[in-house]
Amino acid sequence: MSAHCMLTGAQPGFGNRISHSHRRTSRRFDPNIQSKRYWLPSEGRYVRLRLSARGIKTVDTIGIEAAVARIRARGGKV
């Protein structure tokens with residue numbers, strides 16, 4: 001699966017790895033994506049979301065119902 005957050009949309013960043021001799025090769029900065037299961041009371045079921053660490057904190061702040069509404073507004077499938 002791709003390394004992106006369903007809620008915040010965080011995606012990998014790209015840059016260069018620089019060796020001691022200063023040769024540059026490309027590298028990838030992946031976000032801290034974790035799979036987390038939440039109980040969705042309005043639908044009476046669990047949903048499994050792939051969220052970044054920032055996305056998990058956002059769900060804790062705004063609640064799972066509002067977070068799922070944001071994901072669906074972005075066109076994501078829950």
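**Getting to know this protein**

Me: Hi! How much of the protein is buried?
Reply: Hello! This is a predicted model, and in it buried residues make up 26% of the 78 residues.

Me: OK, what secondary structure does the protein have?
Reply: You'll find 2 helices and 4 strands. Going along the sequence, their pattern is β-β-β-β-α-α.

Me: What does the C-alpha trace span along its principal axes?
Reply: The C-alpha trace spans about 60 × 20 × 20 Å.

Me: Back to the strands. How do strand 3 and strand 4 run, and how many bridges join them?
Reply: Strand 3 (residues 33–40) and strand 4 (residues 45–52) run antiparallel, joined by 8 bridges.

Me: Which residue in strand 4 is the bridge partner of Arg37?
Reply: That would be Arg48.

Me: What about the residues between those two strands?
Reply: The hairpin has 4 residues between strand 3 and strand 4, and Gly44 takes a positive phi near 65° there.

Me: New topic: how many positive and negative side chains are there?
Reply: There are 16 positive and 4 negative side chains. The centres of the two sets lie 11 Å apart.

Me: Last one: what share of the contacts with a separation of 6 or more links residues 24 or more positions apart?
Reply: Such residues account for 37% of those contacts.

Notes:
Residues are numbered from 1 along each chain as its sequence is written. This is a predicted model: local features need pLDDT of at least 70, side-chain atom pairs count only at pLDDT 80 or more; totals for chains, interfaces and linings use all residues. Side-chain values use heavy atoms; hydrogens and water are left out. Buried means under 20% relative accessible area, exposed over 50%, partly exposed in between (1.4 Å probe, protein chains only). Contact means heavy atoms within 4.5 Å. Lys and Arg count as positive and Asp and Glu as negative; His and the chain ends are not counted. The place of a charge is taken as NZ of Lys, CZ of Arg, CG of Asp or CD of Glu. Two strands pair if DSSP finds at least two bridges between them.
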